[in-house]
Amino acid sequence: MRIPCPICGDRDRREFYYQGDAVALNRPDPDAGEAAWDDYVHLRDNPAGITRDLWCHEGGCSAWIVVTRNTATHEVIKAELARKATK
Ligand SMILES: [Zn+2]
């Protein structure tokens with residue numbers, strides 16, 4: 001799989017560290033309650049289809065990138081810097 005880093009361009013996925021679902025960017029408020037934090041820390045979806053994942057280009061520019069991709073086809077639809085990512 002190739003990931004189009006917004007800074008470096010098209011790169012092999014082995015240059016990237018996979019952090020997980022980009023929902024990690026949406027942490028609950030500190031006082032959100034036990035159920036919200038349990039869901040945030042322990043529960044993960046495993047969808048077949050479009051996902052938004054957080055990757056670090058550790059073998060390149062070290063940027064955090066939100067990658068929108070299709071897990072069924074491995075098509076990368078979009079890659080954007082995490083600090084500029086749209087929800
Ligand atoms: Zn890069």
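The protein chain of this predicted model has one helix and six strands, where helices (H or I, at least four residues) and strands (E, at least two) are DSSP runs numbered from the N terminus. The elements follow one another from the N terminus in the order β-β-β-α-β-β-β. Residues are numbered from 1 along each chain as its sequence is written, and side-chain values use heavy atoms, with hydrogens and water left out. Because the model is predicted, local features need pLDDT of at least 70 and side-chain atom pairs count only at pLDDT 80 or more, whereas totals for chains, interfaces and linings use all residues.

The C-alpha trace of the protein chain spans about 40 × 25 × 20 Å along its principal axes. Of the 87 residues in the protein chain, 29% are buried; buried means under 20% relative accessible area, exposed over 50%, and partly exposed in between (1.4 Å probe, protein chains only). Contacts are defined by heavy atoms within 4.5 Å. Among contacts between residues at least 6 apart in sequence, 44% join residues at least 24 apart.

Distant parts of the chain are linked by the pair Cys5, in strand β1 (residues 2–5), and His57, in the loop between β4 and β5, which lie 52 residues apart. The ideal angle for four tetrahedral donors is 109.5 degrees. Cys5 is buried at 3% relative accessible area and His57 is buried at 0%, while Cys8 is partly exposed at 26%. With a disulfide defined as a pair of cysteine sulfur atoms within 2.5 Å, the count is zero.

Six salt bridges are present in the structure, each defined by a side-chain nitrogen of Lys or Arg within 4 Å of a carboxyl oxygen of Asp or Glu. Asp53 and Arg69 form one of them, with their closest N and O atoms 2.4 Å apart. This pair links distant parts of the chain, with Asp53 in strand β4 (residues 50–56) and Arg69 in strand β5 (residues 64–70), 16 residues apart. Both Asp53 and Arg69 are buried. Thr51, also in strand β4, is buried at 10% relative accessibility. The side chain of Thr51 makes a polar contact with that of Asp53 at 3.3 Å; such a contact is a pair of N or O atoms within 3.5 Å, and within protein one must be able to donate a hydrogen and the other to accept it, residues adjacent in sequence counting only if both atoms are side-chain atoms. With residues up to four places away in sequence not counted, Thr51 touches Val67, Thr68, Arg69 and Thr71.

Further salt bridges join the side chains of Arg11 and Glu15 (3.7 Å, N to O) and those of Asp12 and Arg14 (2.9 Å, N to O). Arg11 is partly exposed at 29% relative accessibility, as is Glu15 at 26%, whereas Arg14 is exposed at 68%. Arg52, Lys78 and Glu80 are linked in a network of salt bridges.
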